[in-house]
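Welcome! Have a look at the sequence and the model below, then work through the exercises one step at a time.

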Amino acid sequence: MLVKNPHFVISAVKPEQYPVTDMLEIAFAGRSNAGKSSLINALVGRKRLAYSGSTQGMTRQINFYNIDDELMFVDLPGYGYAAVSKDQKSLWGRVIEQYLNVRPQLYMVILLLDVRHDPSEDDIVMYNWICESGLAHAVVLTKCDKLSRMKCKERVRAISASLGAGSAENFYPVSALDRTGIEELWAAIDEVMREEG
Ligand code: GDP
């Protein structure tokens, strides 16, 4: 997939701040540092469309990116950053939850997990929510270049099992660094878009 003109639209916290559009949206969710910005940049073939906050984990807005007027990428705030207060954590939780619950044009959620780590409690809650929502979804296991191909396969099996997934069918090992899995993920996005559109 060749993206020609991806651009940042707006950062929002409350639903009234979300952009008014009827484009379909794909949301990216994951712990801070899971590799969301890097994945979005790899998907659109740009170095710096999405960027992590200057202080790691401190971006709590939802960032909307217009992808060639075809669809919107929605970068949800990274959760699970250890160095913030409980109050801030629950505020972030609300920002994510609100978006997921109120946005009618949301049709796919991509959950990112670092391939080297086991899912956290927050990851499990998010995964279960996505499954129950009935939305199309993919689980992206990031930073695969850090492991051998064999080890990566093993981790895909282990992570899908610990999430209680019936199969690893929707799981995509990916590297933003060497672009492993990026085209496969686009193919999955395209397929869902065709079904939806
Ligand atoms: P975010 O907080 O989820 O947006 O995560 P970032 O995209 O900022 O990535 C967090 C860190 O992981 C950064 O240091 C990235 O360079 C690194 N990273 C992200 N994706 C990859 C990848 O595919 N391979 C490697 N080796 N590092 C990655």
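## Exercise 1: Find a partner across two strands

Task: which residue in E5 is the bridge partner of Ile 26?

Solution. The bridge partner of Ile 26 in E5 is Met 108. Before going on, note that this is a predicted model, in which local features need pLDDT of at least 70 and side-chain atom pairs count only at pLDDT 80 or more, while totals for chains, interfaces and linings use all residues. Residues are numbered from 1 along each chain as its sequence is written, and side-chain values use heavy atoms, leaving out hydrogens and water.

Now step back to the two strands. Helices (H or I, at least four residues) and strands (E, at least two) are DSSP runs, numbered from the N terminus. Strand E2 covers residues 24-30 and strand E5 covers residues 106-114. They run parallel and are joined by 6 bridges; two strands pair if DSSP finds at least two bridges between them.

## Exercise 2: Look closely at E4

Task: are the residues of E4 buried or exposed, and which way do they point?

Solution. Begin with the cover: 5 of the 5 residues of E4 are buried. Buried stands for under 20% relative accessible area, exposed for over 50%, and partly exposed for in between (1.4 Å probe, protein chains only). In a regular strand the side chains alternate between the two faces of the sheet. Here Leu 71, Phe 73 and Asp 75 point one way, and Met 72 and Val 74 the other way.

Next, check the neighbours. E2 runs parallel to E4, with 5 bridges between them, and Ala 27 stands opposite Val 74. E3 runs antiparallel to E4, also with 5 bridges, and Asn 63 stands opposite Asp 75. E3 and E4 form a hairpin with 3 residues between them, and in the turn Asp 68 has a positive phi of about 55 degrees.

## Exercise 3: Explore the cores

Task: which residues touch the most other members of the largest nonpolar core?

Solution. A nonpolar core is a set of buried Ala, Val, Leu, Ile, Met, Phe, Trp, Tyr and Cys residues joined through side-chain atoms within 4.5 Å. The largest has 34 residues, of which Leu 76, Tyr 99 and Phe 171 touch the most other members. Follow Phe 171: leaving aside its neighbours within four places in sequence, its contacts (heavy atoms within 4.5 Å) include Tyr 127, Val 139 and Ile 159. A second, separate core of 30 residues includes Leu 39, Leu 43, Ile 182 and Met 193.

## Exercise 4: Visit two residues beyond the sheet

Task: where are Arg 179 and Glu 191 found?

Solution. Arg 179 is in the loop between E7 and H5. Its phi is near 70 degrees, a positive value in a residue other than glycine, and Arg 179 counts as partly exposed because its relative accessibility is 39%. Glu 191 belongs to helix H5 (residues 182-196). At 45% relative accessibility, Glu 191 counts as partly exposed. Finally, the C-alpha atoms of Glu 191 and Phe 28 are separated by 17 Å, with the two residues 163 apart along the chain.
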